[in-house]
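Here are my notes on this entry. Please read them with the structure open.

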Amino acid sequence: MNLNALWTYANPKKFIETTDRVLPVCAWLAALTLAVGLVWGFFFTPDDFRQGATVKIIYLHVPAALMAINAWLMMLVTSLIWIVRRHHVSALAARAAAPVGMVMTLIALVTGAIWGQPMWGTWWAWDPRLTSFLILFLFYLGYIALWEAIENDDTAADLTAILCLVGSVFALLSRYAVNFWSQGLHQGASLSVRPGERMDMVFKLPLYVSMAGFVLLFVALVLVRTRTEIRARRMRALVARERMRA
Amino acid sequence: MIALLARDLRLAMRAGGGFGLGLAFFLIVVVLVPFGVGPQGALLARIAPGILWLGALLACLLSLDRILALDWEDGSLDLLATSPLPMEGIVSVKALAHWLTTGLPLVLAAPVLGILLNLPAPGFGWLVASLALGTPALSVIGTFGAALTVGLKRGGLLLSLLVLPLYMPTLIFGAEVARRGAEGLAPGTPLALLAGITCGTIALLPFASAAVLRVNLR
Amino acid sequence: MVLSVCDLSVARGGIPVLERVGLTLLPGEALVLRGPNGIGKTTMLRTVAGLQPPLAGRVEAAPESLVYAGHADGIKATLTVEENLRFWAQVFGTNDISLALAAFGLDPLAARPAGALSAGQKRRLGLARLLVTGRAIWLLDEPTVSLDADAVAMFAGVVRAHLAGGGAALIATHIDLRIPEARIFDLAPYRAAPLAADDFDGAFL
């Protein structure tokens with residue numbers, strides 16, 4: 001397969017044409033997987049012997065946390081593509097992903113607080129994992145604010161791309177700094193392969209399904225938002241062109 | 001480059017240069033803390049390292065938008081960009097000038113304010129050491145933020161929003177050094193990490209700042 | 001050849017304004033850019049100066065030979081006239097500022113803070129900076145704004161002396177500078193046509 005052919009999808013027109021077909025499939029698949037995963041997780045899994053029914057919030061919490069980080073990774077990759085190859089769709093996709101990622105971070109934080117209240121007896125603790133997500137949230141906030149503040153689209157794309165690169169380094173640094181700063185309450189990664197801590201298959205399968213659902217949901221939302229950004233950008237370009245002609 | 005540094009320092013000293021403003025702000029923040037938390041010596045001694053670090057950080061933040069905005073407004077930045085000085089050098093010198101006019105006075109003033117907050121005696125040396133090592137990173141990171149927001153009409157608030165998350169690792173390690181120093185623990189590890197962050201930002205961030213500034217100038 | 005511009009296309013705010021501009025500037029030559037407001041004179045000069053990348057084409061000049069003077073003079077109000085000039089002299093690695101002070105009649109003002117100058121005096125200070133840079137090619141954007149008739153004549157004299165010394169100048173201006181050596185270069189024929197909508201990224205530009 002010719003990898004270069006992939007770049008033709010960076011053409012805005014081609015992107016819109018392709019996503020016209022992909023988006024409905026993706027959206028319906030997301031709805032279906034989410035419905036299956038969440039219903040299965042909520043109603044057809046046994047209660048945990050220690051945590052009771054509260055454990056079931058995991059089917060929202062873990063996939064949201066997963067997407068919160070992966071959204072930033074996606075922004076990092078698309079920012080790099082913009083810097084190196086200067087495809088406008090790439091920059092707009094990064095812009096489109098940011099609010100979705102921010103909401104995912106928020107969901108992870110809120111569901112975590114709701115879960116933490118019965119489990120640890122507190123809504124919030126300055127635990128490394130919790131703090132890292134709060135920091136990630138602030139990075140999303142700054143990134144989105146910078147996009148909104150700059151009028152020229154290309155300038156905004158360049159500046160936010162560089163902010164994303166620098167921010168990634170500092171987010172990683174903060175992650176380890178926070179680890180150093182406080183030893184936490186949070187359990188290790190829920191899907192770790194270490195024996196003894198492993199989750200039972202009964203819980204794990206619906207979790208995988210919800211995670212797939214969240215991934216599909218994320219892709220669908222980013223596609224919708226990228227299409228909107230492309231059209232908005234196109235509209236601004238047309239208005240500017242009319243103004244020039246006048 | 002030396003000419004640029006000399007000019008920036010001279011501008012800061014002259015009337016309206018804002019030299020000492022950060023220092024006054026630092027003083028006021030530190031003086032306000034006991035009013036907020038009460039005058040108990042033991043409590044103040046415990047939170048003193050953190051408060052001093054936070055105050056220094058906020059005082060630093062206050063003057064960031066002056067690093068590049070003034071040169072942007074009067075067109076000097078355009079002219080500097082077309083001069084023989086490399087852009088990376090320009091932003092490095094700007095950061096250095098900011099540190100000399102803001103960071104360094106904060107480092108020197110911190111022990112005096114430490115007395116006000118009842119900082120335990122062994123903490124003074126480590127507080128100064130951590131600030132001396134950490135404030136250059138604050139200036140360099142701040143210059144990056146200033147370069148990002150230089151073209152914006154009201155970039156001040158956005159600047160804080162962008163820069164504060166980037167300040168987090170420096171604050172964590174810096175305050176940790178000062179805290180461990182004050183409590184008589186070994187502050188070697190966070191001190192090494194703080195030095196690492198400072199060296200890393202000084203070495204790498206000017207390239208990002210220069211790239212951002214070039215984008216903003218075109 | 002001092003400066004050569006080939007097939008240069010430039011954009012302002014992401015929209016192409018000029019395309020396929022070609023010109024050459026020889027030692028001792030001055031070129032005056034003409035064209036209605038908004039045609040892209042400033043954009044063109046900034047591109048030649050290297051402040052913004054061209055959309056297409058290239059600018060060739062000897063390294064370290066260009067100096068740009070824009071709408072703003074880059075003057076620090078709290079520094080004196082002399083300090084302002086000396087700073088730029090140091091940045092460009094030259095030392096003598098007395099010639100520049102004399103050429104623009106700034107000698108009596110040398111010790112005055114630049115903030116206390118009138119608009120015309122500030123402009124003269126901004127132009128005096130060109131002399132201390134020691135660069136051969138001057139890129140000037142509306143250099144005569146807020147200058148009175150005498151000062152314009154002073155400026156024209158300085159430019160003519162610069163040309164006589166083997167220098168060159170690219171000037172965007174609307175008024176007649178009374179520099180007989182200067183050629184007029186009209187930018188109107190180079191106005192960019194809108195991009196075709198089915199261009200690769202044309203949907204955006």
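Where is C:Arg20 placed in chain C? C:Arg20 sits in strand E2, which covers residues 15–25 of that chain. A caution before the points: this is a predicted model.

1. Backbone at C:Arg20. Check the phi angle here. C:Arg20 is not a glycine, yet its phi is positive, at about 55°. Most residues other than glycine have a negative phi. The residue belongs to strand E2 of chain C.

2. Surroundings of C:Arg20. Inside 10 Å there are 13 C-beta neighbours, so C:Arg20 counts as partly exposed. The exposed class stops at 12 or fewer.

3. Backbone at C:Asp7. Here is another phi to check. C:Asp7 has a positive value of about 45° and is not a glycine either. Its place is in strand E1 of chain C, residues 3–12.

4. Surroundings of C:Asp7. Is C:Asp7 buried or exposed? C:Asp7 counts as exposed, because it has 12 C-beta neighbours inside 10 Å.

5. Make-up of chain A. Now to another chain. Chain A has 6 helices and 0 strands. Along the sequence its pattern reads α-α-α-α-α-α.

6. Burial in chain A. The chain contains 246 residues, and 41% of them are buried.

7. Contacts in chain A. Take the contacts with a separation of 6 or more. Of these, 80% join residues 24 or more positions apart.

Note on methods. Residues are numbered from 1 along each chain as its sequence is written. Chains are lettered from A and ligands numbered from 1 in the order in which they are written. This is a predicted model: local features need pLDDT of at least 70, side-chain atom pairs count only at pLDDT 80 or more; totals for chains, interfaces and linings use all residues. Helices (H or I, at least four residues) and strands (E, at least two) are DSSP runs, numbered from the N terminus. A residue is buried if 20 or more other C-beta atoms lie within 10 Å of its own, exposed if 12 or fewer, and partly exposed in between; C-beta atoms are placed from the backbone. Two residues are in contact if their C-beta atoms, placed from the backbone, lie within 7 Å.
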